[in-house]
Amino acid sequence: MKKFISLIIILLLSLSLAACDTAGQTEKTEQPMTSEQGLKKTAREERVLRMDGDNLGYPSVFTSSPKGRGYLLVSFTFDTLVWKDETGVIPLIAKDWSISDDNKTYTFNLNENIKFTDGTPLTAEDVKFSFDYLKEHPYQWVSVAPVEQVTAVDEKTVQIVLNEVYVPFVTDIAGNVPIMPKHIWENVTEPEKFNTKEAIVGSGPLILESYDKESGVYIYNANKDYFMGEVQIDKLIMSSVKNTKEALVADEIDMASNVKYGEAMKLKEENSKYKVIEGPGLWVGRLYFNFGIEELNIKEVRQAMYYAINRDELVQKALKGAAEVGNPGHIHPTSEWYSSDIKNYDYDTETAIELLTSVGITDTNENGIVEYNGKDLSYEFIVPEEQVPLAELITKYLGDIGIKLEVKAMDQNTIASLIKEGKFTLAFNGHGSFGGDPVLLKGFVSEETAASTPQVTTQGGQNWHNEEFNTIFNQQIVELDREKRYELVGKLQNIISDELPTLTLYYKKSISAYNPEVFDGWFFTKDGVSLAVPTIHNKLIFVRGQWNK
Amino acid sequence: MIIKNLSRTKRICSFIIFIYIVIAIISNFIMPFSIDDFSSEILQTPSFKHILGTDEMGHDLFSLLLNGFKISILISIISGILSTTIGVILSFVSCYYKGIIDNTICHIANLLIIIPEIIIIMFFAIFASPTMINTILAIVFFSWTKVFKMARSKLMGYMDKNKVKYTFLIKGNIFDIFKKLYYDLYPVVITSFILQCNKAVMYETTLSFFGIGDPLSKTWGKLIKSAMNYENLFYDNVIFWYLFPPVICVFIYILSLSLLIFDEK
């Protein structure tokens with residue numbers, strides 16, 4: 001009896017194996033017939049690129065995460081009018097564009113023969129529709145508020161008229177509004193819930209094959225008809241990986257973008273097989289002041305604190321070298337808008353103490369803490385949990401000049417919301433999208449302006465107020481002459497470096513490691529992909545990279 | 001003496017605990033570096049200058065470990081004493097007054113026993129301002145229940161004894177009862193005290209591992225956490241002088257305390 005059963009099992013198994021085999025074969029033989037390039041394709045193995053990535057929601061325009069990386073997933077399937085590579089702005093859907101003399105009208109000529117992945121050609125109507133749609137359904141990633149009107153002049157020409165002159169229009173708006181197929185989206189009234197197969201029909205280099213909501217695994221196929229040229233990979237698999245470095249070395253992934261700085265450095269040292277590339281992190285770490293506290297409104301107090309902080313050591317010890325030292329003028333030193341005409345604060349405890357003394361802040365009761373009007377300068381300092389080493393250093397530095405800090409560690413989101421509500425004294429936090437156009441200095445303007453930028457810099461409660469800064473800011477935002485604008489932006493940095501509405505402590509570095517034997521050519525985008533997203537996930541790599549396996 | 005009555009294991013355990021306490025007391029004097037001194041070269045391997053090397057900020061790991069003795073044992077003993085005292089006092093109160101007072105205290109204790117202590121402790125420690133005293137208070141106020149339950153059941157048995165009845169007869173107050181029964185309760189008190197010390201160390205280590213409490217205090221839990229966060233922990237044997245020493249210290253302390261109160265018969 002036993003023998004009989006095992007015989008049956010073996011028989012069944014071998015049958016099923018055979019069935020698998022024939023199924024596989026038929027698929028293989030059928031493929032060349034359906035696709036015209038099939039003959040060429042069978043000559044090569046399927047090119048599967050595996051990357052690490054987070055679970056960022058269904059990658060359609062409104063359903064993906066509002067974070068930068070969420071938008072980049074959208075950008076794989078949805079193209080924009082223009083895009084950026086390592087040199088700056090490049091044409092994408094629009095092959096060229098012209099700007100009217102009053103700088104309010106932009107005319108884009110679209111590329112011929114662009115098709116959405118469902119086969120419909122992309123026309124000027126779709127572009128107009130996309131802008132109008134985002135106007136009607138506000139999109140968290142990009143605001144089209146400065147756009148007054150979009151007209152489709154003919155099939156392949158679009159004219160965009162702005163309310164006001166808005167200098168960063170091409171990079172920040174035209175480079176970010178995803179062009180969506182009108183015939184699909186015109187009937188969608190609740191885009192936040194639109195997550196069917198149709199919601200991911202775009203014109204980008206990749207087509208989503210599947211997304212697993214639970215595990216966050218994205219599988220994309222190449223868009224064979226992509227107008228920019230042949231897509232170099234056939235399949236892209238992005239999944240969350242626990243230990244990115246281990247996964248890369250174990251050959252589970254070919255590209256590790258979430259790798260930690262220390263790990264990547266170690267990898268570079270140990271194993272020459274992998275390439276490690278560094279880029280600007282476009283993320284700034286700042287010390288926030290609550291201006292509701294009287295003595296923090298005194299410029300000299302803030303300056304003294306800045307003098308007392310050894311930023312070089314901070315980067316070395318608290319961040320293990322994974323950052324660049326903060327610039328008092330706030331703008332990233334590698335930015336083209338950076339001005340060196342600023343006040344410098346090299347680590348100098350003596351000067352710091354002198355500054356405090358000059359405004360009458362000294363330790364009169366000899367308890368080791370300095371006083372202002374009889375009140376100890378002792379504050380609660382809130383930091384994100386992972387930044388405790390940084391807090392320890394700052395506590396020591398400020399302790400050296402007689403300012404006492406009591407550190408409280410919290411999670412990042414709590415800190416962000418406390419800062420937003422103004423319920424803090426001193427806080428450390430940081431934010432990304434810190435690159436590109438100097439509209440990012442908007443965070444320091446104390447009144448409404450025309451500029452649109454992600455609201456990452458907002459600080460609640462009483463704010464720093466400087467009339468001169470506001471005036472110059474509003475001048476530069478409409479200044480078209482680059483030279484003149486640079487000069488104005490330089491002045492803004494000078495004011496910031498003198499007034500220090502925030503202490504710029506460091507800028508994160510971004511690092512990625514990959515296996516060039518599989519896929520090579522990765523690059524960091526100038527000012528970050530899209531709106532300063534400091535990662536390596538620029539979709540152009542899929543067209544420009546080299547497959548080496 | 002007491003030592004002579006103990007078994008061999010218990011003698012070893014008490015010796016270990018004694019060593020721990022001595023280290024804790026003299027730690028300030030034998031620490032080669034101050035704990036807020038991060039001026040050393042980062043990530044050094046063990047040497048004569050740095051017995052356990054340095055961490056990624058330039059702290060001397062050996063000094064941090066010694067400081068862990070101080071804080072952990074201080075927290076352990078203080079919260080052990082306080083929670084045992086609260087538990088014992090409440091058990092006397094509840095046995096002496098009976099009725100509604102007994103019921104109320106019992107209900108509160110039951111309520112606290114139902115919810116795992118560590119969860120309430122974490123909950124309170126998060127919302128309180130991050131100081132060591134608050135951590136101790138959180139541990140004390142939510143871990144007296146077991147002491148109370150043990151002491152109360154023991155006391156209830158004694159309430160019918162003649163000496164207690166006699167005390168009641170001559171209208172003795174709660175202190176008289178306490179005097180009469182203290183020696184009977186002695187074994188329970190010692191056992192619960194050691195148990196509480198044991199728990200307190202575990203709670204403290206857990207709390208600081210989760211980053212609750214004073215984020216700058218250098219305890220074993222913090223040390224374990226920062227070792228776990230160090231990305232290249234598994235290379236070049238770093239794990240042996242970074243992660244293992246604090247883990248071993250916690251482990252031996254808890255083990256010795258537990259063995260000390262085990263009934264071997």
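**Ground rules.** I am working with a predicted model, where local features need pLDDT of at least 70, side-chain atom pairs count only at pLDDT 80 or more, and totals for chains, interfaces and linings use all residues. Residues are numbered from 1 along each chain as its sequence is written, and chains are lettered from A and ligands numbered from 1 in the order in which they are written.

**Chain A.** I looked up the secondary structure and found 17 helices and 21 strands (DSSP runs, H or I of at least four residues and E of at least two, numbered from the N terminus). Of the 549 residues, 45% are buried (20 or more other C-beta atoms within 10 Å of the residue's own, with C-beta atoms placed from the backbone).

**Annotated stretch.** The UniProt annotation "domain: Solute-binding protein family", from an unreviewed entry, covers residues 89–438 of chain A. I note that such annotations may be inferred rather than shown by experiment. Over residues 89–438 I read 25% helix and 26% strand, with the end C-alpha atoms 16 Å apart.

**Chain B, helices 9 and 10.** I checked how helix 9 (residues 174–209) packs on helix 10 (residues 220–229): the angle is about 40° and the axes are 7 Å apart. Axes are lines fitted to C-alpha atoms over the stretch in contact, and angles run from 0 to 180 degrees between N-to-C directions.

Conventions:
Buried ≥ 20, exposed ≤ 12 C-beta atoms within 10 Å, placed from the backbone.
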